[in-house]
Amino acid sequence: MRTVDLRSDTVTEPTRRMRKSIGEAPVGDDVFGEDPTVRRLERSSSELVEKEAALFVPSGTMGNLISVLCHCQRGEEVILGDQSHIFLNETGGVCALGGVVVHTVPNEQDGTISIPRIEAAIRGSDIHQPLTKLICIENTHNRCSGAPISAAYTAEVCGLAQKRGLAVHLDGARLFNAACALKVDPKELARDVDSLLFCFSKGLAAPVGSVICGNREFIERARKVRKMLGGGMRQCGVIAAAGLVALEEMTTRLEEDHINARRLAEGIDGIPGLHVDTSLVKTNILYADLVADTLSCKELLDVLESSGVRILQTGPARFRMVTHYGIGAEDIDYAVETIRGALK
Ligand SMILES: Cc1ncc(COP(=O)(O)O)c(C=O)c1O
């Protein structure tokens, strides 16, 4: 039976060249700074976004956590979107482990946070209030239909932050999807932020790993915090090798995923019982709402699963579908017909 796993772009398997590179990677003890493959990956990553330095980390979650902990002390505050991954999907780590106060501001449908709203959220000098230190933005924005966030908006946020003495961290787990959709160089999207994260293990098909980029001093502090969190890895050139292949070969094929996401959205648009806003689909993520009362979410998931189509429930009647490496146009057509059949 055909399997079309649309739950996430993290379900990808490493490419043949990744597996070969993993097998052949020169390695050393990275906690001693002696792994040549990790060093190469960190150098390539920082050059790609024109930052001074980079740090290889096991996951996006740990990369975001390390970054927030480097920008904020206990009791200080981060401003972020109420739909952000850091707020909703990282188990409250910045609060639980860093004692950082989370101040959420509503995300707009396009993944941005309105500048006046950010400005209003920044604390003044009132002795009762926590000190605001950081603003986090997300690009592409996972919960906001994978919306790509423009360099102009990023510059606006960073301009405000600079004026108010704050730092900006960019959760760019899918930065290359944003760059592809906006047809800009990733460094444009990273230019004004103080730190950023991007992942090799999302649409780029590497099995593990993310990277944080920033200035040298920030990355040195981040290295120490990574160790504190237990994220210091030893001969991790074996996984960094796949990250290098991801950067060399996988960022240029993302348009295919975006075209497939549109094909999927347009295919399911109009199926009675399902609602999708096709105008929001700009990268590889789309959301659909079940509006039929003839079957439950569980029944829909079960019927699809029995035909090999997997989608992710993200709300009471909401589903996410993500296109990625390994899914072709024929898989999309199969998924559309399976979904249509399930709702008949
Ligand atoms: C926007 C965003 N940030 C961070 C992460 C966390 O990455 P990881 O799953 O590697 O911890 C994800 C994961 O899907 C994500 O979508």
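## Briefing: two domains and a ligand

A polar side-chain atom of aspartate 171 lies 2.7 Å from a nitrogen atom of the ligand. The model is predicted. The protein chain splits into domain 1 (4-10 + 253-342) and domain 2 (16-248). The points below cover the ligand, the domain interface and the salt bridges.

**Around the ligand**

- Aspartate 171 belongs to a set of residues around the ligand, which also includes Ser59, Gly60, Thr61, Asn64, His85 and Glu90.
- Glu138, Asn142, Ala173, Arg174 and Lys202 are also in that set.
- Glycine 60 uses its backbone: a polar atom there is 2.8 Å from an oxygen atom of the ligand.
- Asparagine 142 uses its side chain: a polar atom there lies 2.9 Å from an oxygen atom of the ligand.

**Where the two domains meet**

- The C-alpha centres of domain 1 and domain 2 are 28 Å apart.
- Contact between them involves 15 residues of domain 1 and 18 residues of domain 2.
- Interface size is often given as the accessible area lost when the parts come together.
- Here, domain 1 and domain 2 bury about 1,600 Å² between them. Carbon and sulfur atoms account for 52% of that area.
- Three residues, Asp9, Leu254 and Leu280, supply 33% of the area that domain 1 buries against domain 2.

**Polar links across the interface**

- Five residue pairs are in polar contact between domain 1 and domain 2.
- On the side of domain 1 that touches domain 2, helix H12 (254-268) and strand E10 (285-290) each give two or more residues.
- H12 gives the largest share of that side, three residues.
- By type, that side of domain 1 has five nonpolar, five polar and five charged residues.
- One salt bridge is found across the interface of domain 1 and domain 2.
- Arginine 174 forms a salt bridge with aspartate 9, with the closest N and O atoms 2.8 Å apart.
- Arginine 174 is also one of the residues around the ligand.

**Salt bridges in the whole structure**

- Side chains of opposite charge can pair when their charged atoms come close.
- The whole structure holds 29 salt bridges.
- One of them joins aspartate 30 to arginine 226, with the closest N and O atoms 3.5 Å apart.
- Aspartate 30 sits in the loop between helix H1 (16-24) and helix H2 (36-48), and arginine 226 sits in helix H10 (residues 216-228), so this pair ties together parts that are 196 residues apart in sequence.

Technical notes: Residues numbered from 1 in each chain as written. Predicted model: local features only at pLDDT ≥ 70, side-chain atom pairs only at ≥ 80, totals over all residues. Heavy atoms only, no water. Domains from an automatic or database assignment. Contact = heavy atoms within 4.5 Å. Buried area = accessible area lost by both parts, 1.4 Å probe. Salt bridge = Lys/Arg side-chain N within 4 Å of Asp/Glu carboxyl O. Polar contact = N/O pair within 3.5 Å; in protein donor to acceptor, adjacent residues only side chain to side chain. Helix = DSSP H or I, 4+ residues; strand = E, 2+ residues; numbered from the N terminus. Nonpolar A, V, L, I, M, F, W, Y, C, P; charged D, E, K, R; others polar. Near = heavy atom within 4 Å.
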